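Student: I am new to this structure. Please show me how to read its features.
Tutor: Take a look first, then ask.

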Amino acid sequence: MRAAILAGTFLIPPVVMAQVVGEKSNSPPNEGRYLYRPVPDILVRSWRERSFRLSELWRERPILLTLIFTRCAGVCSPLLRSLKAAAASVGGAGRDYTLLVLSFDARDTTSDMAELAEHLELSKDQAWIFGIAPAQDIAQLIQATGFWFEWEEASRQYDHPAMVIGIRDGRIVRFLIGGAVSPVRLQEVVREMRGEFVPAYPLPRRNVLFRCFQYDPTTGRWKPDWGFVLLLIPGMMTILATAWIFRRGRKHRAREDRARESP
C-alpha cells in the first residue's frame with residue numbers, strides 16, 4: 001500500500017513534457033534576483049530508493065544542486081563530469097557539502113538515475129545523490145531558482161540552462177552558470193556555503209563589456225580593467241584641454257606684451 005502511494009506521488013502528468021516550465025530566457029538566470037531566496041522543501045526519491053525532504057540534507061550540510069535529465073544529448077553529462085572533476089580538485093565533498101543531481105524529466109526513474117550515477121562512476125560515492133521528484137515539486141523548485149526547461153519536438157530533447165545552485169540552510173547562496181565548472185569558481189561557492197565572506201566574483205551575465213576592476217580569486221588581488229581606463233579618459237581629456245588653453249593664453253599675452261614694448 002505504501003509503495004502504491006509513493007508511486008502515485010511520483011506520477012508525472014504527461015502535459016508537463018509539452019510546455020515551458022519556468023521563465024525561459026536567452027540570458028543566464030539573474031543571480032541577484034534569486035540570492036537568499038528560500039528553496040522549497042520538496043520530496044526527493046534517490047536512486048537508492050530512499051525518500052527524503054531537501055531539508056533533511058541542508059540540516060546536515062550545504063547542497064550543490066544540479067538539474068538534469070538522463071536522456072540529454074547535450075550539456076548534462078559534460079556538466080556533471082566537469083562538476084565531478086572540480087569537486088575532486090576542491091575537496092570537502094560529503095564533509096562540507098552534498099552534491100544532489102535531480103532530474104526534471106517526468107520520464108526519468110530511479111533506475112535511470114542509478115544508471116547515470118554508474119555511468120559517471122559515482123554510484124559508490126556517498127557525497128553524491130541522484131534522485132527524482134514529483135512534477136509539482138520540480139515546478140516549485142524551478143520557480144524558486146530561476147531554472148527553466150522546454151521540450152523541443154524537433155530534437156526530442158529538452159532545452160535548458162546548465163547551472164549549479166549552492167544552497168545553505170535552505171536558501172540560495174550562489175549560482176554557477178555554464179557547462180564547465182571551474183575549480184576556482186566552485187571553491188568560491190564552497191566558501192560561501194561555509195559562511196565565509198567572498199569579496200567579489202564575476203556575475204553570470206554576458207552583457208558586461210567592460211569592468212572597472214578584475215578580481216583574481218587565485219591571488220585574492222584586484223587589478224584595473226578596461227572599464228577603469230575608459231572612466232579616466234574624460235577626466236584626462238579635460239585636464240589636457242585646460243592645460244592647452246592656459247598655455248595658449250600665456251603665449252597670446254606674451255605676444256601682446258612684446259608688441260606693446262616694441263617701438
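Student: Which residues do ring pairs link into a cluster?
Tutor: Start with the general idea. A pair of aromatic rings is described by the distance of the centres and the angle of the planes. Rings of Phe, Tyr and Trp (its six-membered ring) pair if their centres lie within 6.5 Å; planes under 30 degrees apart count as stacked, over 60 as edge-to-face and the rest as tilted. Here the cluster linked by ring pairs holds Phe69, Phe104, Phe147, Phe149, Trp151 and Tyr158.

Student: What kind of model am I looking at, and how are residues numbered?
Tutor: This is a predicted model, in which local features need pLDDT of at least 70 and side-chain atom pairs count only at pLDDT 80 or more, while totals for chains, interfaces and linings use all residues. Residues are numbered from 1 along each chain as its sequence is written, and side-chain values use heavy atoms, with hydrogens and water left out.

Student: How many aromatic pairs are there by the ring rule?
Tutor: The count is 10 aromatic pairs. One of them joins Trp47 and Phe130: their ring centres are 5.7 Å apart and their planes stand at 85 degrees, so this pair is edge-to-face. The pair links distant parts of the chain, 83 residues apart. Trp47 sits in the loop between strand 1 and strand 2, and Phe130 in strand 5. Helices (H or I, at least four residues) and strands (E, at least two) are DSSP runs, numbered from the N terminus. The rings of Phe149 and Tyr158 are also edge-to-face, because their centres are 5.3 Å apart and their planes are at 90 degrees.

Student: Are Trp47 and Phe130 buried or exposed?
Tutor: Use the cut-offs: buried means under 20% relative accessible area, exposed over 50%, partly exposed in between (1.4 Å probe, protein chains only). Trp47 has 11% relative accessibility, so Trp47 counts as buried. Phe130 is buried too, at 0%. Of the 263 residues of the protein, 41% count as buried.

Student: Which residues have the most contacts inside the largest nonpolar core?
Tutor: The general idea comes first. In soluble globular proteins, nonpolar side chains tend to be buried together. A nonpolar core is a set of buried Ala, Val, Leu, Ile, Met, Phe, Trp, Tyr and Cys residues joined through side-chain atoms within 4.5 Å. In this protein the largest core has 62 residues, and Leu54, Leu102, Trp128, Phe130 and Leu186 have the most contacts inside it. Helix 4 (residues 76-90) gives the largest share of this core, seven residues.

Student: What is the strand order of the open sheet?
Tutor: Two strands pair if DSSP finds at least two bridges between them. The open sheet has seven strands in the order 2-1-5-4-3-8-9, with mixed pairing. Strand 2 (51-53) and strand 9 (171-177) stand at the edges; each has a single partner strand, so one side of each is left without a neighbour in the sheet.

Student: Which strands run parallel, and which pair in the antiparallel sense?
Tutor: Strand 3 (residues 63-68) and strand 4 (residues 98-103) run parallel, joined by six bridges. Ile68 stands opposite Ser103 in strand 4. Four bridges join strand 4 to strand 5, also parallel. Here Leu100 stands opposite Ile129 in strand 5. Strand 1 and strand 5 pair in the antiparallel sense over two bridges. Ser46 has Gly131 in strand 5 as its bridge partner.

Student: Which residues of strand 5 lie on each side?
Tutor: In a regular strand the side chains alternate between the two faces of the sheet. In strand 5, Trp128, Phe130 and Ile132 are on one side, with Ile129 and Gly131 on the other. Five of the five residues are buried, so strand 5 is largely enclosed by the rest of the structure.

Student: Where does a residue other than glycine have a positive phi?
Tutor: Tyr36 has a phi near 65 degrees. Tyr36 lies in the loop between helix 2 (31-34) and strand 1 (43-46). Glu121 has a positive phi of about 60 degrees. Glu121 lies in the loop between helix 5 (110-119) and strand 5 (128-132). Tyr36 is partly exposed at 47% relative accessibility, and Glu121 is exposed at 66%.
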